[in-house]
Amino acid sequence: MTVCAYEIMTPSIKAVPQSWTMDRLARFLTDNEITGSPVTDESGEIVGIATLKDITEFRWNANRSNTTRQLTADEQQEARRLRMVMFEEMGKVPVEVRDIMTPIVLSVDETTPVRDIANIMMSEHLHRIFVTRESKITGIVTTYDMLKIISDEELTKRCARNN
């Protein structure tokens, strides 16, 4: 018997509103010991996903510039000064989750075989994928959930029998 998504998924999903600040998202992820969360709109529909990687990339991109190599030393100094002024002002306006989230939501049906899920996750470089039943999200499969297959002898045997 094929091992399916519903057998390994985590059924409880901790979603965050797109209006939360990036700092609140970071605290939420840290407090819940997770690395990503679905993002919901005002009506509760999932519109994307926000991860620690999104926060890191935003902060990294805010502090670096690819154009400095083409500038003279004086121009680089002025560019740094202008960036600092700009980021000080931007710091007064909180960055919201909607500004950093990935708006693409990939999902699989509850009956999708885990081998197919693994292939999708590897080809798309994902650490999590939503699980649905009749277009409604019922859970999430993460890389941690995929490890359950290896640690559970019965699941491992079932996967091995279904080439």
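Trainee: Where is the place of Y144?

Mentor: Y144 sits in helix α7. Helices are DSSP runs of H or I with at least four residues, strands are runs of E with at least two, and both are numbered from the N terminus. One caution before we go on. This is a predicted model, where local features need pLDDT of at least 70, side-chain atom pairs count only at pLDDT 80 or more, and totals for chains, interfaces and linings use all residues. Residues are numbered from 1 along each chain as its sequence is written, and side-chain values use heavy atoms, with hydrogens and water left out.

Trainee: Why is Y144 called exposed?

Mentor: Its relative accessible area is 62%. Exposed means over 50%, buried means under 20%, and partly exposed lies in between, using a 1.4 Å probe and protein chains only. So 62% makes Y144 exposed.

Trainee: Is D145 buried or exposed?

Mentor: D145 is buried, at 0% relative accessible area.

Trainee: How many salt bridges does the structure hold?

Mentor: Seven. Among them is K53 with E57, at 3.7 Å, N to O. That value is within 4 Å, so the pair counts. K53 and E57 both lie in helix α3 (residues 52-62), four residues apart. K53 is exposed at 57%, and E57 is partly exposed at 38%. Another of the bridges joins E96 and R98 at 2.7 Å, N to O. E96 is partly exposed at 26%, and R98 is partly exposed at 34%.

Trainee: Why does T112 count as buried?

Mentor: T112 has 15% relative accessibility, which falls under 20%, so buried is the label. T112 is found in the loop between β4 (107-109) and α6 (114-124).

Trainee: What does the side chain of T112 reach at 2.9 Å?

Mentor: The backbone oxygen of D109. A polar contact is a pair of N or O atoms within 3.5 Å; within protein, one must be able to donate a hydrogen and the other to accept it, and residues adjacent in sequence count only if both atoms are side-chain atoms.

Trainee: What joins the side chains of R128 and T35?

Mentor: A polar contact of 2.5 Å. R128 is found in strand β5 (residues 128-133). R128 is buried at 15%. Leaving aside neighbours within four places in sequence, R128 is in contact (heavy atoms within 4.5 Å) with residues including I49, M121 and I140.

Trainee: Why do we say that the buried residues of α6 line one face of the helix?

Mentor: The buried residues are V114, I117 and M121. Seen down the axis of α6, they fall within an arc of 55°, so they line one face. The arc is that of the directions from the helix axis to the C-beta atoms.

Trainee: What makes the phi of H125 worth a remark?

Mentor: The value is near 55°, positive in a residue other than glycine. Most residues other than glycine have a negative phi, and most peptide bonds are trans. H125 follows α6 and counts as exposed at 68%. E33 also has a positive phi, of about 55°, although E33 is not a glycine. E33 is exposed at 74%.

Terms used
A salt bridge is a side-chain nitrogen of Lys or Arg within 4 Å of a carboxyl oxygen of Asp or Glu.
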